[in-house]
Amino acid sequence: MVNNQTQDDKEKELQGELKDILTQAKEINDDIKKDREDLDEELKQIDNRSDQLVEEMNGLLEDLDKAEEKTEEELDELILEEAEDLAATDKEIEEILKEEE
Amino acid sequence: MTSPEVKKSTVDKGKENPDAVKPGIFPEFRIDKILTQSGRSLFDKISDSGKAVVHSLYEGAYKSPGINRLVGKMEIAYNQFRGDKYEKKAAKFKNKLDGVDIKINAFQQAKENLAGVIKDLKQQNIPAATALELKIKDIEKQINKLANKRDRIQTKFEEKESRRNLRINKRDQIANRLIEYYENKLEPFERKLEDLRKEQDHIDLLMMATEVKHKNREATLEKLQKKLDFTIENYKRLGMSERKIRKDEAVKAFNEQIANARKEMQLENKKLQLAKDKLDTKIAKVDAKANPYRDRREEFVRVTKVRPIEFNVPGREKGQPHEGKEEIKTHERKESEVKKTEFTPKVAEKIETTFEEEEEKEKFPVAAYLATLNDYLLKNYDKTYVINKKDYYAQTQLSRYDKMEVSDFRRIFLQYAKFKRIPAQKVDLYEKAIDKLFEKNK
């Protein structure tokens with residue numbers, strides 16, 4: 001009878017220890033979960049911020065594209081005008097020389 | 001003259017990179033591929049001889065391999081016209097003026113000779129002088145005609161030259177505007193790129209801090225496992241069967257908790273790695289996209305440093321109508337170097353990974369490290385050197401109670417300094433302080 005009681009007490013004691021271990025394991029698990037949730041949130045923010053930055057950067061490059069297109073058109077115009085002037089100079093001077101001869 | 005358009009029969013084989021026109025790939029040059037839409041419609045309107053000049057200009061420029069279209073055009077505007085084309089034109093023009101001058105001189109000489117003859121005849125009272133005087137008037141008329149012609153040629157050329165100078169000013173204006181535009185757009189671009197790199201450093205910081213946290217968690221889990229094993233052994237001593245122990249709800253729940261904890265930690269690592277890879281890809285993509293613009297900006301700066309040559313054609317005595325026009329512009333150029341942020345590799349290189357080898361190192365809470373360090377910094381320097389603890393915890397996601405070895409604190413701290421872009425000199429000072437304060441615990 002006494003032996004059985006001792007056995008029961010020991011089992012109860014061990015169960016108490018087991019519960020304690022389990023509680024600690026649960027606590028660690030909760031901490032890890034919380035960490036992971038915080039990290040998720042932080043990474044989400046980094047992702048959003050970087051997306052925003054990339055979008056702004058692409059916008060700047062698009063502005064440069066437009067400026068380059070406009071510049072190319074202006075350069076074409078200048079070069080063509082210059083070429084036409086170059087071609088015309090000789091002809092016009094020849095005409096002056098031919099006049100009244 | 002045959003129009004250059006006749007040459008338009010070539011098959012475009014360079015589609016993979018339309019900007020880079022390689023010699024041999026385009027055996028016959030196609031002007032319609034090079035001009036913009038507005039350029040094409042203007043091209044249709046100019047004379048055949050003008051078209052031929054345009055054609056030769058563009059063809060020459062695009063024979064160079066890998067040339068960008070826009071840079072090529074800027075080079076034409078700055079280089080092509082200043083070379084042969086104008087020198088030849090100037091030489092031709094000078095020849096024509098010389099021809100007229102020779103004629104004028106000949107007439108002048110004839111006039112002087114006749115005047116001499118008239119003088120002699122008059123002295124001798126010979127009546128023929130009147131007829132000769134009429135001849136001199138004829139010569140004077142010829143001289144005037146030639147002088148007028150000379151002036152008209154000069155005027156025509158000067159008019160062209162003035163127009164050219166106006167175009168040079170306009171060209172400079174276009175180039176400078178674009179260079180300024182590059183500055184205005186690339187500077188904020190580089191700043192934003194730097195912000196992206198900071199985010200990259202932030203992820204690295206989080207990875208380091210998480211690694212230390214996991215190390216602590218794993219150590220705690222192992223301790224609990226040992227405790228459980230010890231309890232199970234005691235159960236066995238009480239005569240409980242292995243099978244019964246395994247079926248015990250608390251044991252089962254514990255095993256589940258341990259498995260979940262490890263799974264969560266794995267998931268955390270995976271997420272961090274994914275976030276890092278994703279950000280690396282974003283940075284690589286956007287950085288590569290900016291490279292052609294950076295290159296073009298450099299090329300533009302280089303091209304626009306070339307100044308036009310002088311015509312060196314004879315001017316008339318009346319003065320030059322275009323005098324001083326070109327000198328209005330200062331042609332100042334900014335430094336062509338693109339600012340690039342350099343990180344001090346020293347920080348990364350010095351990171352040590354000895355913690356795995358030495359298992360039984362003493363650990364202290366982050367709060368203790370920071371408090372000791374800040375006390376030291378405040379005593380020996382000033383409050384500008386003190387670490388903002390609130391920010392440190394927020395950026396690392398560490399709690400004040402998270403314990404770690406000195407080597408881990410040092411490693412995480414240096415990554416935090418890198419992320420915060422703390423100047424190298426200050427970082428050096430922090431490193432020395434950490435070594436001095438925690439040396440015995442290393």
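Modeller: Welcome! Contact here means heavy atoms within 4.5 Å. By that rule, residues 24 or more positions apart account for 80% of the contacts in chain B with a separation of 6 or more. This is a predicted model, where local features need pLDDT of at least 70 and side-chain atom pairs count only at pLDDT 80 or more, while totals for chains, interfaces and linings use all residues. Side-chain values use heavy atoms, with hydrogens and water left out.

Colleague: What makes the pair B:E199 and A:R49 a salt bridge?

Modeller: A salt bridge needs a side-chain nitrogen of Lys or Arg within 4 Å of a carboxyl oxygen of Asp or Glu. The closest N and O atoms of B:E199 and A:R49 are 2.5 Å apart, so the pair qualifies. Across the interface of chain A and chain B, the rule finds 18 salt bridges.

Colleague: Which kinds of residue does chain A bring to that side?

Modeller: The side of chain A that touches chain B has 34 charged residues (Asp, Glu, Lys and Arg), 28 nonpolar (Ala, Val, Leu, Ile, Met, Phe, Trp, Tyr, Cys and Pro) and eight polar (the others, Gly among them).

Colleague: How many residues take part in the contact?

Modeller: Chain A gives 70 residues and chain B gives 96 residues. The area buried between them is about 8,300 Å² (accessible area, 1.4 Å probe, lost on being put together and summed over both). Carbon and sulfur atoms give 65% of that area.

Colleague: And what does "buried" mean for the residues of chain B?

Modeller: A residue is buried when its relative accessible area is under 20% (1.4 Å probe, protein chains only). Of the 442 residues in chain B, 43% are buried.

How values were computed
Residues numbered from 1 in each chain as written. Chains lettered and ligands numbered in written order. Buried area = accessible area lost by both parts, 1.4 Å probe. Buried < 20%, exposed > 50% of the residue type's maximum accessible area, 1.4 Å probe, protein only.
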